[in-house]
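Let us walk through this model from its rings to its strands and then to the whole chain. Keep the viewer open and follow each residue as it comes up.

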Amino acid sequence: MMSLFGPAGSHFRAVTTPKPRSSSEEDHVPSDTEADDTSILDENEGSIIMSLISQLRVGMDLSRVTFPTFVLEPRSMLERITDFMSHPDLIFGQVIQCNDAEERFIRILQYYLAGWHIKPKGVKKPYNPVLGEFFRCRYDYADGSQGFYVAEQVSHHPPISAFFYISPANRVSILGELRPKSRFLGNSVSTTMEGENRVTLLGVPDDGEYIITMPNMYARGILFGKMVLELGDTCTAKNEKNGMLCDIEFKTKGFWSGTYNAIAGRIRRNNLDVGELSGRWSHIMEIKSIKTGQKRVLFDAVKDGQNMAPKWVPPEDEQEPNESRRLWQHLTLAIGRKDMQAATDAKSAVEDAQRERRKQLEESGGKHEPRFFVYKNGRWVIKLTVPSDPEEATREVRNWIFSTTPSGKAAP
């Protein structure tokens with residue numbers, strides 16, 4: 001699952017607040033949801049949350065509000081995006097060989113929907129990337145092929161994360177960007193996830209791009225009740241070359257009825273319905289053929305969710321200073337120790353250094369230049385021209401992303 005709250009800026013001051021909720025014997029997980037989707041705050045955490053909330057107004061943009069460190073997931077948003085590359089087998093091999101455009105589109109939907117079940121315990125948000133921060137990793141698959149991923153924070157105001165994944169041997173590439181915007185809504189915080197994923201099946205160039213947008217996210221119950229994380233509203237998947245379109249509704253639970261994590265959608269080809277999506281993104285999702293009425297499982301997160309592709313990340317002592325895990329290492333260690341003060345200090349140190357760097361750029365009239373991406377024709381694209389030959393592309397991409405480490409060693 002992606003970001004919870006949008007990017008943060010200045011610190012909040014302490015104020016007098018009403019008594020926070022506490023963890024009593026009556027605390028329980030709301031029905032129809034999972035314990036891992038829910039947070040129950042202790043008294044100290046509740047006091048901090050209430051101190052923060054007392055300064056907010058309904059509709060307020062949260063881009064300049066700093067949330068307390070106990071709501072942080074110990075990794076950067078740039079790394080969390082890799083959740084969508086966790087089940088690559090869904091778009092490898094047989095998808096490229098498939099002659100049915102509808103089936104290829106369904107497999108792209110399968111890949112996309114399979115990434116949402118991966119989430120931290122409770123209601124958490126990843127670190128907000130700072131300008132110039134980047135994350136890179138490599139995937140070594142069982143058949144000897146490889147995949148490569150790099151993401152970079154290319155803009156601070158507005159916050160934009162650009163990312164790129166490719167597996168040349170498996171003929172798949174993914175290019176995209178995220179532009180989160182968060183607002184306070186009273187008893188919840190909403191995050192509008194602007195941006196898109198653009199999937200290309202390199203072995204089927206006539207298909208062009210498969211473009212997928214993101215649902216919005218809601219943290220419910222921040223004033224009263226239990227804190228619950230939900231996906232909501234509608235996202236779109238489309239492939240214009242083959243006339244394929246699917247509007248996917250992520251349903252939020254109603255006050256009296258409904259269930260958590262439900263989805264529904266209709267797949268259309270040239271404005272004719274060809275399939276229906278249903279189920280829960282945290283459990284089982286199914287697709288029904290309009291023509292035959294037959295159902296099949298699209299993805300079973302309970303059964304197959306643990307079969308994720310492992311990623312290799314350079315050791316922190318071989319990473320560059322602005323590489324995600326090294327940049328945030330002191331914050332991550334403090335969160336692991338549950339040392340809130342040390343975590344706050346570590347987070348502030350990174351953000352203060354970032355503000356000083358931006359100030360120096362402004363005073364000198366300079367402009368930040370992203371390392372891996374460039375803005376061209378209204379979108380962020382990579383600075384590398386990828387060769388068409390899979391073996392040559394693998395070498396070029398590997399050298400481009402993992403040329404050297406600070407120690408001068410080439411990546412393995």
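Rings of Phe, Tyr and Trp (its six-membered ring) pair if their centres lie within 6.5 Å; planes under 30 degrees apart count as stacked, over 60 as edge-to-face and the rest as tilted. By this rule the protein has 15 aromatic pairs. Phe-84 lies in the loop between helix H2 (77-80) and helix H3 (94-97), and Trp-116 in the loop between helix H4 (101-113) and strand E3 (125-127), so the pair ties together parts that are 32 residues apart in sequence. Helices (H or I, at least four residues) and strands (E, at least two) are DSSP runs, numbered from the N terminus.

The model is predicted: local features need pLDDT of at least 70, side-chain atom pairs count only at pLDDT 80 or more, and totals for chains, interfaces and linings use all residues. Residues are numbered from 1 along each chain as its sequence is written, and side-chain values use heavy atoms, with hydrogens and water left out.

Phe-84 has 3% relative accessibility, so Phe-84 counts as buried. Trp-116 is buried too, at 0%.

Tyr-375 and Trp-380 make another pair. Their ring centres are 5.3 Å apart and their planes stand at 55°, so this pair is tilted. Tyr-375 counts as exposed because its relative accessibility is 51%. Trp-380, at 10%, counts as buried.

Charges also meet rings here. A charge sits over a ring if NZ of Lys or CZ of Arg is within 6 Å of the ring centre and within 35 degrees of the ring normal. Arg-138 lies over the face of Trp-312, 4.6 Å from the ring centre. Arg-371 lies over the face of Phe-134, at 5.0 Å.

Now turn to strand E6, residues 160-167. How many of its residues are buried? The count is 8 of 8. Ile-160, Ala-162, Phe-164 and Ile-166 cover one side, while Ser-161, Phe-163, Tyr-165 and Ser-167 lie on the other, and all are buried.

E6 has a partner in E5 (residues 146-155): they pair in the antiparallel sense over 7 bridges. Two strands pair if DSSP finds at least two bridges between them. Ser-155 stands opposite Ile-160 in E6. E5 and E6 form a hairpin with 4 residues between them. E6 also pairs with E7 (residues 172-184), antiparallel over 7 bridges. There Phe-164 stands opposite Leu-175. This hairpin has 4 residues between its strands, and Arg-171 in the turn has a positive phi of about 60°.

What of the cysteines? A disulfide is a pair of cysteine sulfur atoms within 2.5 Å. The count is 0 disulfides. Cys-235 is in none; the nearest cysteine sulfur, that of Cys-246, is 7.8 Å away. Cys-235 is buried, with a relative accessible area of 0%. Cys-137 is also at 0% and counts as buried.

Finally, the whole protein. Its secondary structure comes to 9 helices and 18 strands. Of its 412 residues, 52% count as buried.

Conventions. Buried < 20%, exposed > 50% of the residue type's maximum accessible area, 1.4 Å probe, protein only.
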